[in-house]
Amino acid sequence: MKRKYLYPLLIILVTIGFYYFEERLDGNLVYQNEKTKETSDFGFFYLPTSTTGSIIVHDYYALSYSEKHEQAEWVAYELKRDQVTANDFKRPYFEIDKKVRTSSADWRNYKKSGYDRGHLCPAGDRGFDYKAFEETFLTSNISPQNHEFNSGIWNYLEQKVRYWAKAYDGVYVVTGGVLSGNLKTIGYEAVSVPKYFYKVILKGGSKNPKMIAFLMPHKDSDKSLKEFVVPVNKLEELTGIDFFPTLDDKIEEQLEASSTTKGWKF
């Protein structure tokens with residue numbers, strides 16, 4: 001091969017090599033799963049599938065980012081009993097998530113939009129450590145939420161999750177907006193406004209696991225939380241996400257088909 005062709009070819013191969021290496025780093029979740037499985041029944045082992053291929057792993061939660069909708073399609077995290085604690089941390093500024101390859105939406109999209117910057121992994125679930133608390137203020141972890149909804153029924157559900165984390169020695173949570181259908185957008189980056197929000201909670205891990213899921217219209221309500229309980233299968237149909245693919249198939253099928261509230265303290 002002539003030298004004039006050799007050097008461009010080497011440059012191309014090196015570029016591909018760096019790109020592959022970067023992809024492996026971004027996809028380190030696959031390898032963390034196996035490691036985490038050995039040390040924790042929760043951790044990052046129970047992660048949903050991603051419809052976007054953009055899974056980001058932070059220190060205290062993971063997410064699947066949707067560039068189309070400029071927010072996470074899901075955020076997943078473990079909430080342990082000893083992590084449920086009050087704090088008087090100073091509220092930090094929202095920051096763009098630099099781990100998102102395409103860059104997460106700027107917080108200014110929400111300015112004067114009429115919508116709250118609604119946390120998906122609540123800051124209240126990360127009050128045990130300032131770094132963990134601060135991490136919830138990345139814009140990849142927020143979604144446009146009506147204020148009455150955010151401070152009302154949705155906040156009540158978040159409080160209930162913290163209650164369950166204390167009652168059941170920890171729970172695993174997956175949450176997000178339903179990013180499908182013809183959605184309104186806000187801001188110069190066209191951040192989608194979900195019409196529904198969901199939350200899936202797993203307790204017990206692989207030992208006698210129990211699962212409950214909620215699907216809420218994006219508006220405040222004075223209904224009981226029980227009124228919003230749905231089978232996980234319904235959420236999977238709406239979102240295209242497999243929420244707990246690493247569970248034993250028989251257990252997963254049984255849990256995800258049920259909408260019972262039995263075994264959950266309301």
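## A tour from a buried aspartate to a capped helix

Start with Asp-116: this residue is buried yet has no salt bridge. The nearest side chain of opposite charge belongs to Arg-117, and that one is 8.0 Å away. Keep in mind that the model is predicted.

**Stop 1: around Asp-116.** Colour strand S4, residues 116-119; Asp-116 sits in it. What does the side chain of Asp-116 make a polar contact with? Select His-147: its side chain is the partner, at 2.9 Å.

**Stop 2: the whole protein.** Zoom out. The protein has 7 helices and 11 strands. Of its 266 residues, 47% count as buried. Take the contacts between residues at least 6 apart in sequence: 67% of them join residues at least 24 apart. The protein exposes about 14,100 Å², and carbon and sulfur atoms supply 51% of that.

**Stop 3: salt bridges.** How many salt bridges are there? The count comes to 4.

Select Asp-59 and Lys-131. They form a salt bridge, with the closest N and O atoms 2.9 Å apart. This pair links distant parts of the chain, 72 residues apart. Asp-59 is in the loop between strand S1 (55-57) and strand S2 (62-66), while Lys-131 belongs to helix H3 (residues 130-135). Asp-59 is partly exposed, at 46% relative accessible area. Lys-131 is also partly exposed, at 47%.

Next, select Asp-169 and Arg-81. Their side chains meet in a salt bridge, 4.0 Å from N to O. Asp-169 lies in the loop between helix H5 (153-167) and strand S6 (171-177), and Arg-81 in the loop between strand S3 (71-79) and S4, so the pair ties together parts 88 residues apart in sequence. Asp-169 is exposed, with a relative accessible area of 52%. Arg-81 is partly exposed, at 41%.

Then pick Asp-106 and Arg-108. Their side chains meet in a salt bridge too, 3.0 Å from N to O. Is Asp-106 buried or exposed? At 10% relative accessibility, Asp-106 counts as buried. Arg-108 is partly exposed, at 48%.

**Stop 4: helix H7.** Select residues 249-256, helix H7. Which of its residues are buried? They are Glu-252, Leu-255 and Glu-256. Why do they lie on the same side of H7? Because they cover an arc of only 90° around the axis. An α-helix has 3.6 residues a turn, so residues three or four places apart point the same way.

Show strand S10 (210-217) and helix H6 (232-239). Both are among the elements covering the buried residues of H7.

**Last stop: the N-terminal end of H7.** Select Asp-248, which caps this end. One of its side-chain oxygens lies 3.1 Å from the backbone nitrogen of Lys-250.

Conventions. Residues numbered from 1 in each chain as written. Predicted model: local features only at pLDDT ≥ 70, side-chain atom pairs only at ≥ 80, totals over all residues. Heavy atoms only, no water. Helix = DSSP H or I, 4+ residues; strand = E, 2+ residues; numbered from the N terminus. Buried < 20%, exposed > 50% of the residue type's maximum accessible area, 1.4 Å probe, protein only. Lys, Arg positive; Asp, Glu negative; His and termini not counted. Polar contact = N/O pair within 3.5 Å; in protein donor to acceptor, adjacent residues only side chain to side chain. Arc of directions from axis to C-beta. Contact = heavy atoms within 4.5 Å. Areas by Shrake-Rupley, 256 points an atom, 1.4 Å probe, with all protein chains shown as cover.
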